[in-house]
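This report looks at how parts of one protein chain pack against one another.

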Amino acid sequence: MPRPVEADVVLACGEHLPAVDVWIVIDVLRATTVITRWFELGGGDLYPVASTSAARELARSLSSAGGAAPLLMGEENAIPPEGFDLGNSPLDLSHELVRSHPCAVMSTSNGTVSLLAAAATGTPVIAACVRNASAALEHALSIGPRLGILCAGRRRRPGWDDTLCAGLILNELKARHPEVLLADSARLALLAWRSSSGGLLESMRTADHAIFLDRIGYGADIDFACEQDAAFVVPMLHEEPEGDGMRAVLRAVVNTARPRPSPSAPEPESGINPDPFAPLLQYAQDKDEKQYFFLGGEARKRAEKKLDWRN
Ligand code: MLT
């Protein structure tokens with residue numbers, strides 16, 4: 001008998017992360033909206049890092065490894081950190097900017113940190129927001145029936161914006177799978193969504209971070225972030241070697257729910273192809289032993305052996 005669909009929600013980064021099949025990480029205002037936008041515009045690899053200094057260092061080392069410099073983007077207190085090319089407004093990204101940079105390095109206060117926290121559990125990770133909500137859900141369900149939604153929140157506390165987006169995704173999940181088992185926190189998120197009878201945008205605008213962004217001149221970002229299902233890309237976390245260890249990199253996968261172009265049809269304008277890195281998503285997860293997504297050297301060999309043994 002197939003496992004029932006289950007959903008759990010972690011309302012703020014820093015809370016305990018339960019065992020799930022896939023993490024859907026949300027930071028609507030604005031990290032995961034910006035990440036989704038980067039891929040909507042056809043962007044290449046995007047490296048999420050945990051601090052501005054790590055971002056500067058990685059951007060430097062990627063540039064010195066040859067090729068054009070990555071786009072260095074992100075925020076500190078919602079504004080662009082010193083020396084960064086761009087802040088964290090999705091509206092500042094353009095086709096031109098994306099095309100002129102082979103990749104991007106991003107550091108934000110909560111969003112990129114949450115992506116890395118989810119990755120450290122050894123579970124596949126998807127970046128989601130209102131713009132790609134349905135596509136992200138569809139892709140998550142194709143990975144496994146136990147969904148975890150990690151809301152980045154703000155300063156390790158829940159945020160209305162992310163909770164609302166989690167509720168939106170759960171509402172869609174419940175429509176597709178009425179029998180879904182919801183953890184208490186998932187029920188809270190669903191309640192938040194269902195209480196927003198005035199509409200998504202109106203409710204989103206009441207979030208603490210939305211009020212703050214509006215006050216400092218980023219009000220238009222909130223409208224943009226609330227364009228539900230405007231995007232069909234699903235940013236997914238992968239790992240790649242870095243020295244003796246591994247580093248996280250986001251790449252886009254096409255929404256499987258969307259009709260694929262026939263072989264004779266031209267490539268979509270965004271240039272996003274089906275994910276060639278899918279095999280990397282084989283991950284080690286064990287009930288008795290904690291495994292990590294970022295495995296280097298010996299740890300990696302041990303994990304690979306374990307996967308062989310399981311197969
Ligand atoms: C974050 O990651 O903390 C947010 O994206 C912050 C922001 O964009 O203002």
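## R131 and its surroundings

Beyond its neighbours within four places in sequence, R131 is in contact (heavy atoms within 4.5 Å) with T33, R37, E40, F224, A225, E227, Q228, D229, A230 and A231. This is a predicted model, in which local features need pLDDT of at least 70 and side-chain atom pairs count only at pLDDT 80 or more, while totals for chains, interfaces and linings use all residues. Residues are numbered from 1 along each chain as its sequence is written, and side-chain values use heavy atoms, with hydrogens and water left out.

R131 belongs to the loop between β6 (125-128) and α5 (133-143), where helices (H or I, at least four residues) and strands (E, at least two) are DSSP runs numbered from the N terminus. With a relative accessibility of 3%, R131 counts as buried, a term that means under 20% relative accessible area, with exposed over 50% and partly exposed in between (1.4 Å probe, protein chains only). Its side chain makes a polar contact with the side chain of E40 at 2.9 Å; such a contact is a pair of N or O atoms within 3.5 Å, of which, within protein, one must be able to donate a hydrogen and the other to accept it, and residues adjacent in sequence count only if both atoms are side-chain atoms.

## Helix α1

E40 is one of the buried residues of α1, as are T33 and R37. The helix, residues 31-40, is mostly covered, with ten of its ten residues buried. Just after α1, G42 takes a positive phi of about 90 degrees.

## S114 in helix α4

S114 lies in α4 (residues 111-119) and is buried, with a relative accessible area of 0%. Its side chain reaches the backbone oxygen of N110 at 2.6 Å, and, leaving aside neighbours within four places in sequence, S114 is in contact with C13, V25, L150 and A152.

## Nonpolar cores

A nonpolar core is a set of buried Ala, Val, Leu, Ile, Met, Phe, Trp, Tyr and Cys residues joined through side-chain atoms within 4.5 Å. The largest one has 45 residues, among which V9, I26, I149, I169, L170 and M204 touch the most other members. Helix α6 (residues 160-176) supplies the largest share of this core, seven residues. A second, separate core of 30 residues includes V25, I35, A118 and A127.
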